[in-house]
Amino acid sequence: MKRITVFLLIIVAILSITIFAAAEKVVTFGNILPLTGTAAPVGIEGRHAREMAIEEINAAGGIKSMGGAKIEMIYRDSKGNPQVGVSETERLITVDKVKIITGTFQSGVAYPSTAVAERYGVLFFCPVPSEPRITERGFKYVFRLAEKTSWRVRDEVRFLVDVANKKGISVKKAGIVYENTAYGLGAKAALDEYLAEANISITLDQPFASGLPDALPIVDSIRRANLDVLFYIGYSNDTILLINTLAEQKVNLKAFFGVGNMQEPLVMENLGSKLEYVIDVAPWVPDINRPGAKEINQKYKDKYGNNMSPEAMKAYVGMYILKEALEIVGTDNPDDIINVLRNTKFTGWPYEAYQDSVDFDENGQAQVQLVMLQALNIDGKIEYTTVYPEHVAREGIHYIFPMVPWEDR
Amino acid sequence: MVAYLQAIFNGITMGSIYGLLALGLTLVFGIIRVINFAHGSLISLAMIVTFFWITRITSNFILSILLTIPIVFFIGYVIQFGLINPVFKKVKEREPISVLLLTAGLSYLLDNLMQIIYGPFFRTVNTPITGLTWKIGSFIISVPRFTGMIVSISMFIFIWFLLKYTYFGKSIRAVGQDREAARLMGISPLHTYAITFALGATLTGIGASILTSFYYVHPTVGSNVFGIKAFIIVVLGGLGSIPGALLGGIIVGIIESLATQYFSSIAATLLVFLIFLLILYIKPSGLLGSKFEW
């Protein structure tokens with residue numbers, strides 16, 4: 001009798017644990033970001049943005065169609081290294097058994113990592129990497145919220161031609177300084193195409209390996225090439241070095257274009273007024289006049305101490321897109337989710353803070369409207385302000401072209 | 001012509017700084033016969049210490065370099081005295097492989113420790129020489145790099161003088177040549193090792209401090225960017241050779257500067273390694289390398 005009682009008690013205990021566990025339903029996502037190494041600052045931003053979104057979603061009752069399942073994120077460090085990205089993706093799929101992965105920061109990591117997910121039939125949702133080919137391989141399970149690098153370049157060249165015509169300034173010689181990674185090479189290929197279309201010749205073609213020991217040789221080559229405009233594709237550390245050296249050597253240009261890479265808080269913090277007149281392109285900026293944008297940015301700023309970068313915003317909105325897709329299908333089965341993603345137009349909060357609406361095409365690519373930003377001195381502080389197209393520009397702000405020479409600043 | 005001279009001059013100034021960053025490595029190898037894999041971490045460490053002084057304690061750049069020196073000296077001394085010497089005492093071989101592994105492990109430890117304490121951020125400091133240039137016609141001299149060159153060459157002369165002419169320097173060389181014979185002459189090899197390592201760390205620290213005037217500070221920049229460069233330079237110039245480090249540094253600097261002008265930055269990196277292999281093929285001991293330098 002005693003034995004039976006003990007046996008029953010054990011059964012009851014096991015059952016209650018199972019029931020308790022069932023009540024705490026979770027859906028686990030995997031995430032790959034550079035959390036150490038040179039790209040760690042931006043990786044950490046991406047993590048912060050996701051954490052903020054997940055906190056909000058879970059606090060609001062999780063995914064209701066899945067019994068209020070809470071979102072749990074496994075963060076894995078890519079170190080910015082494609083091989084590490086691939087093995088971490090593999091580990092998330094085979095060991096942690098996740099069915100949805102988000103990330104990466106670098107295109108070079110996203111390109112091979114998404115291929116792994118595709119092979120396993122796992123959804124890989126990329127809010128940030130912009131290398132065009134990521135969504136041009138006919139993959140079923142890969143989605144991208146970011147614009148393609150080629151779109152950024154296309155819009156920048158259009159802006160350049162338009163502005164040069166309006167001001168009657170000739171722009172003939174362009175230089176390209178780019179990191180020899182998927183991101184840099186993708187931008188370079190697009191620049192070749194669009195600059196040729198605009199009849200601007202490329203007189204400096206300067207690829208470099210990330211982690212420059214000294215930017216002086218490159219800056220010297222920029223001076224010698226006597227350029228009208230420079231396009232620069234690289235990440236924070238090299239950006240800081242390059243602009244500091246351009247300032248030191250007083251190399252003047254009519255325009256300096258980044259390709260979506262100039263708004264990192266660390267770049268702004270370190271370069272300050274040296275960034276003035278630099279032009280960049282983005283789908284989103286903290287000063288953008290969109291519903292909800294200011295509030296989300298303010299919350300992020302209060303929490304983490306700095307403005308959201310476009311990348312952080314994309315990561316944040318990306319979490320809500322995934323949440324809503326799960327809400328609609330009620331499972332975390334990738335095959336169901338990809339159908340929803342392909343056929344849904346995401347409107348309202350928080351998507352409208354980023355774009356009018358978000359929808360993905362057949363290839364999993366979101367349609368994105370871009371704006372031109374220029375770093376300008378607003379009340380003694382360098383800020384990226386929306387300057388083009390003119391009708392969405394910040395009120396009372398006009399772009400400055402050509403750049404003011406270093407000697408006159 | 002001016003552009004060509006400008007590129008060579010830029011190469012020499014930056015190359016001299018590379019040389020100074022490699023000097024500590026070659027000194028430690030020449031005397032202690034230890035290949036210090038933690039060399040790059042010491043570069044980052046010194047940069048971070050300088051950054052700390054200049055942003056928190058004093059805005060005086062020279063003072064912050066002077067304040068960095070005792071710290072890197074002390075850390076260098078502790079590494080040799082507390083970590084490497086005990087291995088030497090236990091192992092009979094002249095160049096134990098375990099020391100190699102120890103320094104490699106130490107490098108990981110230091111890099112990660114710095115990431116935890118300092119954070120993974122890039123930061124730049126404003127020193128009185130940051131962003132300054134002198135113009136002579138169309139020729140431009142970058143003041144921070146030029147200052148680096150002057151400091152570097154002074155340090156090489158100082159070390160050469162120290163080792164060649166002082167009693168202290170002679171004792172260091174004696175230990176480098178024959179540990180047992182030096183001991184018979186009344187020199188304590190382990191103590192000398194510790195001082196030498198500390199001296200190497202100090203020289204590296206001075207180079208790293210100068211670097212902060214135009215380069216960003218980051219916990220892994222020493223290992224990833226300058227540490228590797230220092231190894232190439234030291235092997236190129238001759239392991240253990242003091243003038244070899246300066247020569248190697250200048251050669252690397254000039255190749256980088258010229259090749260970036262006439263080919264590209266990527267080609268420059270490639271060319272450095274090509275010439276490195278070529279020189280090793282022709283002279284395996286490095287340009288100025290010999291069994292006993294002094």
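A polar contact here is a pair of N or O atoms within 3.5 Å; within protein, one must be able to donate a hydrogen and the other to accept it, and residues adjacent in sequence count only if both atoms are side-chain atoms. By that rule, 14 residue pairs (both at pLDDT 80 or more) are in polar contact between chain A and chain B. This is a predicted model, in which local features need pLDDT of at least 70, side-chain atom pairs count only at pLDDT 80 or more, and totals for chains, interfaces and linings use all residues. Residues are numbered from 1 along each chain as its sequence is written, chains are lettered from A and ligands numbered from 1 in the order in which they are written, and side-chain values use heavy atoms, with hydrogens and water left out.

With contact meaning heavy atoms within 4.5 Å, 33 residues of chain A touch 36 residues of chain B. About 2900 Å² is buried between the chains, 55% of it from carbon and sulfur atoms; buried area is the accessible area (1.4 Å probe) that two parts lose on being put together, summed over both. On the chain A side, A:Pro213, A:Arg224 and A:Glu248 lose the most area, together 22% of what that side buries.

A:Glu248 also pairs with B:Arg145 in a salt bridge (3.1 Å, N to O), meaning a side-chain nitrogen of Lys or Arg within 4 Å of a carboxyl oxygen of Asp or Glu. Across this interface, the rule finds two salt bridges.
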